[in-house]
Amino acid sequence: MKKVINAPEDVVPDALRGLAAAHPGLRVDAEGRFAVRGDAPVRGKVALVSGGGSGHEPLHTGFVGPGMLDAACPGEVFTSPVPDQILAATLAVNGGTGVLHLVKNYTGDVLNFQLAAELAADEGVAVESVLIDDDVAVEDSTHTAGRRGTGATVFAEKIAGALAEERAGLPAVAAVAREVNERSRSFGVALSAATVPATGRPGFDLPDDQVELGVGIHGEPGRERAPLAPAAELVDRALTAIEADLPLSGDLLVMVNGMGGTPLAELYVAFGEVARRLRGRATIARSLVGNYVTSLDMTGFSITVCRLTPELLRLWDAPVETPALRWGR
Amino acid sequence: MRESVRPDAEVCRAWVREAAARVAADRDRLTQLDSAIGDGDHGHNLDRGMRAALQAVEDLGETATAGEVLAAAGKALIAKTGGASGPLYGGALRAMGRSLDESGDLAAALRAGCDAVRKLGGAAVGDKTMVDALEPAVKAYEETCDLEVTADAATTGAESTMTLRARKGRASYLGERSVGHLDPGAASTALLIRALVTAARDVRA
């Protein structure tokens with residue numbers, strides 16, 4: 001598998017150096033492996049820190065900036081960041097009113113953020129953590145590690161970031177992030193697997209006429225394998241799974257997300273099917289179509305839906321200025 | 001019954017060396033196992049972590065205690081491995097180090113390491129995780145104080161994960177599809193226990 005890289009082991013720091021060069025509004029520590037907004041720490045503002053394995057860009061580094069994250073810590077590809085780097089990012093953005101850790105629900109992310117939060121507490125920094133677990137493909141039971149955090153992470157980072165920008169306190173910012181998570185659900189479909197630079201081989205073999213339903217964002221196989229079907233049918237499978245868990249009505253924020261290797265035209269085909277299927281039952285108040293939570297070069301798409309309230313809609317519309325999302329400023 | 005080994009700093013250093021060598025040699029196999037039911041990076045991550053652990057141990061002064069050796073290795077594993085295995089193995093080594101400096105006894109240290117993994121990860125025997133290799137090994141050592149029996153128990157425990165359905169960690173997302181694959185964490189645990197046994201035997205010999 002061909003890759004635009006210098007060396008597999010340098011992908012993460014090399015990408016961070018490129019991010020810094022492209023976005024002077026960010027301060028990037030390529031060695032320490034974190035990016036913070038250029039004016040951090042912002043005194044009197046709750047700081048938002050997120051992070052996770054690399055390979056999901058623009059998540060999380062592309063969402064650092066006013067109105068969204070204060071810092072992001074990318075780990076190795078598909079590997080959670082380590083406590084030292086999360087701690088360094090937390091201390092770099094602490095504006096004196098506490099730090100919110102937004103953590104996707106994976107065992108590694110949870111453990112490493114937990115250790116970092118304990119270290120930050122030792123340094124006198126108040127940290128609260130919110131777990132994002134929106135992927136309905138995973139059965140939420142004692143038989144699993146719990147649902148994965150996927151697309152709702154973008155919604156939570158944007159909406160909680162907007163509230164923090166208005167100088168709300170740590171409990172309120174954490175509460176709105178939890179509310180977004182509770183009102184959001186996701187489901188992913190893969191047409192092909194991701195290829196991790198270090199191994200150079202696809203994570204799983206998927207025949208030309210097969211898809212993975214309920215796929216995750218780390219190259220792990222999905223819940224079941226099914227024959228390739230028209231977009232209308234794939235979207236139907238995804239929305240059926242979502243609606244079995246969260247009935248959809250009222251104002252919705254809908255994201256059709258690429259996995260990194262899907263042409264935008266195909267994502268719009270999928271979005272059209274989502275709109276057709278929801279017609280008459282719910283209103284798509286806001287939408288996002290594109291690559292926001294990728295899985296390297298995986299092809300496929302995921303759908304994330306959030307049932308908005310007027311307040312969540314207001315915060316979604318609030319100004320944001322990051323590499324990957326910017327409006328209203 | 002044999003007596004429990006009292007590993008000194010030399011044994012602990014030898015363990016870290018042996019473990020780093022075995023993980024490096026088995027790196028691709030562990031990653032391969034992880035590709036089947038996880039995200040395909042376990043061998044590479046653990047190799048990076050163990051190389052950092054080895055460096056940390058080599059940087060220690062001559063007078064370091066057994067506990068200090070394991071604490072340094074554990075800290076490096078947490079700092080460099082990433083994923084769940086960094087905190088889990090790093091936490092286990094640090095707990096073992098604290099135990100060794102208190103009691104000096106390998107049985108107590110192994111139990112402390114196992115408790116740390118279970119507490120951090122929340123996994124029990126049968127969940128298809130490293131606990132499936134670790135718990136039987138610790139139990140075997142507590143009962144026999146026989147190093148070979150201990151390493152064999154870890155290997156057998158790791159092999160037992162083949163037929164299990166994962167209930168913790170990333171493989172749990174696959175549900176029934178996780179059956180029929182070895183758990184990579186259990187496989188690396190068996191390898192680390194085998195390294196400990198080799199180190200304890202060679203240093204004593």
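How many helices and strands does the secondary structure of chain A come to? Chain A has eight helices and 14 strands, where helices (H or I, at least four residues) and strands (E, at least two) are DSSP runs numbered from the N terminus. The radius of gyration of chain A, taken over C-alpha atoms, is 19 Å, close to the 20 Å that the globule rule gives for 329 residues, so chain A is as compact as a globular protein of that length; the rule is 2.2 Å times the number of residues to the power 0.38.

This is a predicted model, in which local features need pLDDT of at least 70 and side-chain atom pairs count only at pLDDT 80 or more, while totals for chains, interfaces and linings use all residues. Residues are numbered from 1 along each chain as its sequence is written, and chains are lettered from A and ligands numbered from 1 in the order in which they are written.

For the complex, the predictor gives an ipTM of 0.87 and a pTM of 0.92.

| Part of chain B | Mean pLDDT |
|---|---|
| Chain B | 94 |
| Helix α2 (residues 27-37), lowest | 92 |
| Helix α7 (residues 131-144), highest | 98 |

Between the chains, 31 residues of chain A are in contact with 27 residues of chain B, contact meaning that C-beta atoms, placed from the backbone, lie within 7 Å. On the side of chain A that touches chain B, β4 (71-77), α2 (83-93) and α3 (107-122) of chain A each supply at least two residues, and α3(A) gives the most, with five residues.

Notes: pLDDT = per-residue confidence, 0-100. Contact = placed C-beta atoms within 7 Å.
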